[in-house]
Amino acid sequence: MTDLIQTDLINIEQHGEIVHIILNRPDKRNALNLPMMEQLDSVMDDIERLNGVRVVILRGEGPGFSAGIDLMGFMTGELNDRFGEGWRENLFTLTAFYQGIMTKIEACTYPVIALLHNYCLGMGFELALACDFRIATTGTRLGLPEARIGLIPDVGGTTRLTRLIGVARAKEYIMTGREFDLTDAERWGVVNHVVAEDQLMARGIALADELCAAAPLAVSYAKKVIDGMTDIERGLRMEAWAQSILIRTEDVMQGAQAMMTKQKPAWKGK
């Protein structure tokens, strides 16, 4: 094993032809904040420059994969320095930045396997959806709860989930914020496999080894052809448009506050 990069929020390890990206904010349930996403963006560029890589594994340190976006970033002004104090009035720059990171993962030269355990919610689930394969442990919580705080999944979740499971099912899960039953998730291709937690790494490595045994150019071109069969760019633009409106509503502030205080939101519809 070679430790290539050790940062405070994202780590990279290389094990032969397999590179591991590790979300490293376990004390916050790997909630995705701006510094973490900036580091992930940089890490994806670093991986493209490494030699001898065939497969990327994305996983989370600690008790779970990722609980989603860190809502405190919306409250503390964390986003102001990079996107300006008026970022809510012009959300497109922020959304484009986060969408760009997910697209970079999807467009990675190498196949990316997400190893999911215990929880993979909101933007954490959007991150997993940008990967080529997803392996989850029994009992993992999967879902896009954004509608329950007055938003939609806007960094590829709406588009990629629809591509995976079809329009009717995607509407049901996105518009209700309901979490997936893992049996359904596996049957519909949301996850490739469901395994016991102590088998997660072994199953991921086994899939990575199979990919490494295939011809590298064939794997890379197959990925590009399959991903090129749908117009994801239009979906991302629609996500950004809708979120730019929703982020300025009273409901989204009510929803975020209710989620943090674990109370039922009093929706106003405005």
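## Salt bridges

A residue is called buried when its relative accessible area is under 20%, exposed when that area is over 50%, and partly exposed in between. By this scale, in what is a predicted model, E172 is partly exposed because its relative accessible area is 35%, and R178, with 34%, is likewise partly exposed. The side chains of these two residues, R178 and E172, meet in a salt bridge with an N to O distance of 2.5 Å, and the structure as a whole holds 14 salt bridges.

The side chains of R163 and E106 also form a salt bridge, at 2.5 Å from N to O. R163 belongs to helix α6 (residues 157-165) and E106 to helix α4 (residues 92-106), so this pair ties together parts that lie 57 residues apart in sequence. R163 is partly exposed at 32% relative accessible area, whereas E106, at 9%, counts as buried.

## A pair within helix α8

D184 and R187 form a salt bridge whose closest N and O atoms are 2.7 Å apart, and both residues lie in helix α8 (residues 182-188), three residues apart, or about one turn of the helix. D184 counts as buried at 17% relative accessibility, while R187 is exposed at 55%.

In helix α12 (residues 250-261), the residues D251, V252, G255, A256 and A258 are buried; they cover an arc of only 165° around the axis, which puts them on the same side of α12.

Definitions and conventions:
Residues are numbered from 1 along each chain as its sequence is written. This is a predicted model: local features need pLDDT of at least 70, side-chain atom pairs count only at pLDDT 80 or more; totals for chains, interfaces and linings use all residues. Side-chain values use heavy atoms; hydrogens and water are left out. Helices (H or I, at least four residues) and strands (E, at least two) are DSSP runs, numbered from the N terminus. The expected span of a helix is 1.5 Å times one less than its number of residues. Buried means under 20% relative accessible area, exposed over 50%, partly exposed in between (1.4 Å probe, protein chains only). The arc is that of the directions from the helix axis to the C-beta atoms. A salt bridge is a side-chain nitrogen of Lys or Arg within 4 Å of a carboxyl oxygen of Asp or Glu.
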